[in-house]
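Colleague: I'm new to this one. Please take a close look at the pockets and what surrounds them, and walk me through it in one go.

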Amino acid sequence: MEDVRKILIKDKFLELLPFLTKKSFKEIDDFFSASLLQKIPPNKIISVEGDACNYFSFLLKGVIRVYKVGSSGREITLYRINEGGSCILTASCILSQKSFPAIAVTELDSEVLSLPANLFKEWVSKYPVWQEYVFNLVSERLADVITTVEEIAFKSVDTRIAEKLTFLLSEKGKLLELTHNELARDIGTSREVVSRILKDFEARGVIQISRGSIKVLDIVKLKALQKK
């Protein structure tokens, strides 16, 4: 049964990351022999600022949020790691031998395959496919962070809230299971500011606020708020 499990994990991994094949990376069997499979429950903090990066992990299932916390206690989401993804901050820490500079927490039941840091570093220096993977990861995550910075610097909070709600509509439908605090940390502002703006949206007939959820009543009005 355990052998079947290992085969399924290997097949799943290679499906998510097809660049790792025998043609491009002959040590693929060594990769699976050295890797550690972990199941992690939701809302579990897996890294904090100052942690050593002893493993480089690939997310096989779930979602991991990477964020920073300011001196005021306010949070801002840097990016999320989805199925098939990895954390560029972890890669950076391993390659530069520095500590982890943020916090990482699971948002859903998650499953990760973790490779010891020494092997990750060796293979990145040795194999072009690993180098290309890290460069692509840097490019993707840098784009995410730049987008976050631009939104905070150049867009009003009400515009960012309207955009976030519109984005979530495409994923979850009109009823969004979302707290004011969760929304605040995703767009980099305080819960009090979010609550005030949501109440204004509700007064305009755009949304209906309930405990732990937001229902979109008028999509046209919501999209119009993004153009302010």
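Modeller: First, how the elements get their names: helices (H or I, at least four residues) and strands (E, at least two) are DSSP runs, numbered from the N terminus. You're looking at a predicted model, where local features need pLDDT of at least 70 and side-chain atom pairs pLDDT 80 or more, while totals for chains, interfaces and linings use all residues. Residues count from 1 along each chain as its sequence is written, and side-chain values use heavy atoms, without hydrogens or water.

Overall, the protein chain has nine helices and 10 strands. Its C-alpha atoms fill a box of roughly 60 × 40 × 30 Å along the principal axes. The chain runs to 228 residues, and 41% of them count as buried (under 20% relative accessible area; exposed is over 50%, partly exposed in between, with a 1.4 Å probe and protein chains only).

Now to the largest pocket, with a volume of about 1000 Å³. A pocket here is an open set of points on a 1 Å grid where a 1.4 Å probe fits, with protein on both sides within 12 Å along at least five of seven lines; lining residues have an atom within 4 Å of a point. Volume is the space filled by probe spheres on points joined across faces, edges and corners.

Helix α6 (157-172) gives the most to the lining, seven residues. The strands β5 (75-81) and β6 (103-106) supply at least two residues each, and so do the helices α5 (128-154) and α7 (180-187). Sort the lining by class and you get 15 charged, nine nonpolar and six polar residues (charged is Asp, Glu, Lys and Arg; nonpolar is Ala, Val, Leu, Ile, Met, Phe, Trp, Tyr, Cys and Pro; polar is the others, Gly among them).

A salt bridge needs a side-chain nitrogen of Lys or Arg within 4 Å of a carboxyl oxygen of Asp or Glu. Take R80 and its partner E107: their closest N and O atoms are 2.8 Å apart. R80 sits in strand β5 and E107 in the loop between β6 and β7, so this pair ties together parts 27 residues apart in sequence. E107 is partly exposed, at 23% relative accessible area, and R80 is partly exposed too, at 25%.

By this rule the salt bridges number 13. One of them joins D29 and K10, with the closest N and O atoms 3.1 Å apart. D29 belongs to helix α2 and K10 to helix α1, so the pair ties together parts 19 residues apart in sequence.

Next, the second largest pocket, which holds about 440 Å³ of space. It has 22 lining residues, and I46, S47, Y55, S57 and T90 are the closest to its centre. The elements giving two or more residues to this lining are β1 (36-40), β2 (45-47), β3 (55-61) and β7 (110-116). Strand β3 has the largest share, with four residues. By class, the lining of the second largest pocket splits into 13 nonpolar, eight polar and one charged.
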